[in-house]
Amino acid sequence: CDWQVFGQKIRYYNLETVIDDIQRRIDAFGVTSFNIADDCFTVNKRRVFEFCEHIQKRNLKILWQASSRATLVNPDLLKAMKDSGCFQISYGLERGDPETLRLTRKGVSLEQNILAPKMAAAAGLQVYANLMIGFPWETPESLDNNLKLIHEIWDDVYLFQISGTLVPFPGTEIYSTNANDYDFK
């Protein structure tokens, strides 16, 4: 995700207010599930644990889903999420190619991209794995590495989303280093 689109500032709402809003939607509209629209819900693990505790304390019978980075989960966190009604976690794994992970400065290793889906599946969560294609440096070997990742986590992933074609946003490094070579504006 591009920080120029989504920003770099984290803003938290009061957890009681969030839980009150969930309760209101359950009561008023019969909501039974929801998606947390946060591209990295687990960046503050303490807050996630508190969120899960609030849901359980109120005895809300609700299903929910969230997104995370592979580097920001652990078995205890995933279990707490599952126990409070989380049924699915989405990871932006992007690639199974270590060189592409390095070049994109993703800050994640291939091993972490393998471990996170395995931990989530072990916790009983469905895993939604987002992968990308279309990097200028792709080779048959890097594409093969992607396939190896898919095979490695196949049994742990509920859904692979591989239609994520690279879109170089203006102002990003990948845009500025490739705009002239590929003639896009």
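Colleague: Leaving aside its neighbours within four places in sequence, which residues is Arg47 in contact with?
Modeller: Those would be Tyr12, Tyr13 and Leu15. Keep in mind that this is a predicted model. Arg47 itself sits in helix 3, which covers residues 45-57.

Colleague: How do you know that Arg47 has no salt bridge?
Modeller: Look at the nearest side chain of opposite charge, which is Glu50, 5.6 Å away. A salt bridge needs the nitrogen and the carboxyl oxygen within 4 Å. So Arg47 is buried yet goes without a salt bridge, given the 4 Å cut-off.

Colleague: Okay, then what makes Glu16 and Arg58 a salt bridge?
Modeller: Here the N to O distance is 3.1 Å, and the cut-off is 4 Å, so the pair qualifies. Glu16 lies in helix 2 and Arg58 in the loop between helix 3 and strand 2, so they tie together parts that are 42 residues apart in sequence.

Colleague: Why is Glu16 called partly exposed?
Modeller: Its relative accessible area is 37%.

Colleague: What makes Lys79 and Asp83 a salt bridge?
Modeller: Their side chains meet at 2.6 Å, N to O, and the cut-off is again 4 Å. They are four residues apart in helix 4, so about one helical turn separates them. Lys79 is partly exposed at 47%, and Asp83 is partly exposed at 40%.

Colleague: And which parts does the salt bridge of Lys118 and Asp156 tie together?
Modeller: That one has an N to O distance of 2.9 Å. Lys118 lies in helix 6 and Asp156 in the loop between helix 7 and strand 5, so the pair ties together parts that are 38 residues apart in sequence. Lys118 is partly exposed, with a relative accessible area of 30%. Asp156 has 17%, and buried means under 20%, so Asp156 is called buried.

Colleague: How many salt bridges are there in the whole structure?
Modeller: A search finds twelve. Some share partners: Glu16, Asp20 and Arg58 are joined into one network that way.

Colleague: Why is Val157 called buried?
Modeller: Its relative accessibility is 11%. You'll find Val157 in the loop between helix 7 and strand 5. With Ala129, 28 residues apart along the chain, the C-alpha atoms are separated by 6.7 Å.

Colleague: Let's turn to helix 4. How do you know that its buried residues line one face?
Modeller: The buried residues of helix 4 (residues 75-83) are Leu77, Leu78, Ala80 and Met81. Seen down the helix axis, they fall within an arc of 160 degrees, so they line one face. They pack against helix 3, strand 2, strand 3 and helix 6.

Colleague: What caps the N-terminal end of helix 4?
Modeller: Asn74 does, with a side-chain oxygen 3.1 Å from the backbone nitrogen of Asp76. Just after helix 4 comes Gly85, with a positive phi of about 115 degrees.

Colleague: How do you know that the buried residues of helix 8 line one face?
Modeller: In helix 8 (residues 173-182), Ile174, Tyr175, Asn178 and Ala179 are buried. Down the axis, they fall within an arc of 130 degrees, so they line one face of the helix. On the other side, Ser176, Asn180 and Asp181 are exposed. Asp183, which follows helix 8, has a positive phi near 50 degrees.

Colleague: Last one: which residues have the most contacts inside the largest nonpolar core?
Modeller: Phe51, Trp64, Val73, Leu78, Met81, Ile89 and Tyr91, in a core of 39 residues. Among the elements that each supply at least two residues of this core are helix 2, helix 3 and strand 4. As for Val73, its contacts beyond four places in sequence include Leu78, Ile89 and Tyr91. In soluble globular proteins, nonpolar side chains tend to be buried together.

Notes:
Residues are numbered from 1 along each chain as its sequence is written. This is a predicted model: local features need pLDDT of at least 70, side-chain atom pairs count only at pLDDT 80 or more; totals for chains, interfaces and linings use all residues. Side-chain values use heavy atoms; hydrogens and water are left out. Buried means under 20% relative accessible area, exposed over 50%, partly exposed in between (1.4 Å probe, protein chains only). The arc is that of the directions from the helix axis to the C-beta atoms. Lys and Arg count as positive and Asp and Glu as negative; His and the chain ends are not counted. Contact means heavy atoms within 4.5 Å. A polar contact is a pair of N or O atoms within 3.5 Å; within protein, one must be able to donate a hydrogen and the other to accept it, and residues adjacent in sequence count only if both atoms are side-chain atoms. A nonpolar core is a set of buried Ala, Val, Leu, Ile, Met, Phe, Trp, Tyr and Cys residues joined through side-chain atoms within 4.5 Å.
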